[in-house]
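Here is a quick tour for anyone meeting this structure for the first time. Have a look at it below, and then we'll walk through a few spots together.

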Amino acid sequence: MRHHLILRTVSKLLIGAILLFGLYVQFHGDFSPGGGFQAGVIVAVAFILHGIVFGLGMVQRVFPRWLVHKLAAVGVLVYAGTGVLGMFLGYDFLDYGAFSPDHPSHGQHWGILAVELGVGITVAGVMVSVYYAFAGRPPQMSDEDW
């Protein structure tokens, strides 16, 4: 892979832009098309591109396997915790009015933001985990057999 200088240079430039676009989609998902699922996939693509270009070992040094698994679980906890917090405040599960009873529209905004953040974290963790599972398998045939 050392001889792919242009590919490596362009991918270094693209990874930052991809991550930035993923954050944009995450935090503007309630105002425009997008949201947690789309943002999670976009963020995962940045790490998958890094793994394809620089190798599985390099991407796992940047984003270790243990962290990927923990983030997938943390995202589910954020999603479910948002609903449980509403229940503790005396509202229904995922009733966002609990977060700002005086201004329900503010509570709606904060609740959706929290739920979409949980979805985005989970999707990014699961997508990178799936990539690690497939990329880490030993090849069934050698490169010379093609």
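## The largest pocket

Let's begin with an opening in the protein: the largest pocket has a volume of about 230 Å³. Keep in mind as you read that this is a predicted model.

Which elements give two or more residues to the lining of the largest pocket? They are helix 1 (5-27), helix 2 (36-54) and helix 5. Helix 5 gives the largest share, with six residues. In total, 17 residues line the pocket, and those nearest its centre are Leu 23, Val 43, Gly 120, Ile 121 and Ala 124. As for what kind of lining that makes, 12 of the residues are nonpolar and five are polar, while none are charged.

## Helix 4, end to end

Now over to helix 4, which runs through residues 65-88. How far apart are its end C-alpha atoms? The answer is 34 Å, and that agrees with the 34 Å that its 24 residues should span at 1.5 Å a residue.

Which residues of helix 4 are buried? The set is Val 68, Ala 72, Gly 75, Thr 82, Gly 83 and Gly 86. These buried residues pack against helix 5, which covers 104-135. As a rule, residues three or four places apart in an α-helix point the same way, because there are 3.6 residues a turn.

## Past the end of helix 4

Most residues other than glycine have a negative phi.

Is Leu 94 buried or partly exposed? Its relative accessibility is 22%, so it counts as partly exposed, since buried means under 20%.

## A histidine in helix 2

One last stop: His 50, which is found in helix 2. With a relative accessible area of 15%, His 50 is buried, because the cut-off for that is under 20%.

What does His 50 touch, leaving out residues up to four places away in sequence? Its contacts are Ile 15, Gly 55, Met 58, Val 59 and Val 62.

Definitions and conventions: Residues are numbered from 1 along each chain as its sequence is written. This is a predicted model: local features need pLDDT of at least 70, side-chain atom pairs count only at pLDDT 80 or more; totals for chains, interfaces and linings use all residues. Side-chain values use heavy atoms; hydrogens and water are left out. Helices (H or I, at least four residues) and strands (E, at least two) are DSSP runs, numbered from the N terminus. The expected span of a helix is 1.5 Å times one less than its number of residues. Buried means under 20% relative accessible area, exposed over 50%, partly exposed in between (1.4 Å probe, protein chains only). Contact means heavy atoms within 4.5 Å. On a 1 Å grid over the protein atoms alone, a cavity is a set of points where a 1.4 Å probe fits but cannot get out, and a pocket is an open set with protein on both sides within 12 Å along at least five of seven lines; lining residues have an atom within 4 Å of a point. Grid points are joined across faces, edges and corners, and a volume is the space filled by probe spheres set on the points. Ala, Val, Leu, Ile, Met, Phe, Trp, Tyr, Cys and Pro count as nonpolar, Asp, Glu, Lys and Arg as charged, and the others, Gly among them, as polar.
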